[in-house]
Amino acid sequence: YASSAMIYCSKVICQTSNISRYYEPIFWVIFYGISLFFTMRNGRSMWRFICLLSMCSVLLIIIYCFGSLGWVNISRYGPFDDDKVHHVWFNGGMSAFLCNLASGTTAGFGGIESLALMISYMKDPLRNFQEGAISSVLTLFFCNIMLLIVMTSLPLGLSYTSQQTYPMNYGYDLIFQWPDVVSSVLVIPANFAMGFGFFLPYGKLLQCLADSQLAPEFLGLKDEKNPSKAILICSFFGFLLCILQLIDENLSTKLNYIAILCGFITYFSILIGHITVLVKHQDMVRSFRSPFGIYGSIYAIIVFALGSIGSIGFLDDNHITIIVTTTIVIVLSTYYYVMFIKTQKLSNEENKSLFKLHVINFNNNLRKKLFSKKNKVKSTSADKMNAVNPFNNKSSSNSSKGQTSYNTPAVAEMIVCL
């Protein structure tokens, strides 16, 4: 996501300025330099900068939506103009719907899951994390709904808007009466904010992998007090991906598709973990419970499953997305099972965040062991009584069926929850 966002912002600048795309590396260096400066300086500077980017992005959406209301007419411009497709629900049919669903379900909400990696930086995370996550999702939800309604209700209709490289340009052109090239630049703050927002989470994730003995030792990240070194390493590899853009002009689009499919895999694991915790730990005290419960997770799984189908079968990329993503999964799985499955451990931060589930799993396993032993003692006593009773015609082998003790390691279940 970060590399794709940086490439996209640089491409927009070069296209709107009519300069060669070979100048894009200059803007990559600028964008990466600004991101690293604010991310690694201190938490307060980073927080203020990302708040500024977020407010700019939301403000541009508000200006677009409310400024365009004078031209909005959904009953007139919303329907398809072509009489041949008046029986079609989606512009382009079901295949186009699945193709656009893949990007639509992640472009508006991608990165929300990264909030879980920021718990160690929060004051009172039990309350602030929930409030921050819920308010972020609601803000994104209403912004996306407003954009969807307004963009499909402007003059020239949906058939015109859906074919534009920058769909919001027409609305800005109507509001400000300026050249289209100026409107194109307004997509940069939101895209740069998306890329910048991943710097600290991916550094934190790599640091957690190192502390769990899942990252190569030559990186020298184990037991680092802060993720600055991990951020630099991830940024270095991200910048290498940007350099490949000079070889393949459409690399940013391909990277975005690959990131979307990998995002779906991440969301599936999160939702399965949520269902697992709700089913196996129903009595666990929680400060917040999702109002949708398991049904909300099942609905989200269905949506992401449709998005995955769109990513796998309906993207115009010669199946590069599924090939690359499958290769990544196979390589990383092999890397894990061959190199690190025996040495892996949970880091101290992971143990702290999952302490409650550790205790619950330990108590449940202990309770089942004691229950199993108690049944074993009873069955042994019954066998002895049957052995000395000459009038008992029942076979002693039927007195006890045997019961297998349930002793699942807590670590294995924690991995599922993660």
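Here is a short chat about rings, cysteines and a helix in this predicted model.

Residues are numbered from 1 along each chain as its sequence is written. Because the model is predicted, local features need pLDDT of at least 70 and side-chain atom pairs count only at pLDDT 80 or more, while totals for chains, interfaces and linings use all residues; side-chain values use heavy atoms, with hydrogens and water left out.

Me: Why is the pair of phenylalanine 31 and phenylalanine 192 called tilted?
Reply: Rings of Phe, Tyr and Trp (its six-membered ring) pair if their centres lie within 6.5 Å; planes under 30 degrees apart are stacked, over 60 edge-to-face, and the rest tilted. Here the centres are 5.3 Å apart and the planes sit at 40°, so it's a tilted pair. Phenylalanine 31 and phenylalanine 192 also lie 161 residues apart in the chain.

Me: What makes cysteine 51 partly exposed?
Reply: Buried means under 20% relative accessible area, exposed over 50%, and partly exposed in between (1.4 Å probe, protein chains only). Cysteine 51 has 22%, so it lands in the partly exposed class.

Me: And why does cysteine 242 count as buried?
Reply: Its relative accessibility is 0%, so cysteine 242 goes in the buried class.

Me: What do the buried residues of α6 pack against?
Reply: They pack against α3 (43-67) and α7 (157-161), with contact meaning heavy atoms within 4.5 Å. Cys143 and Leu147 are among those buried residues.

Definitions and conventions
Helices (H or I, at least four residues) and strands (E, at least two) are DSSP runs, numbered from the N terminus.
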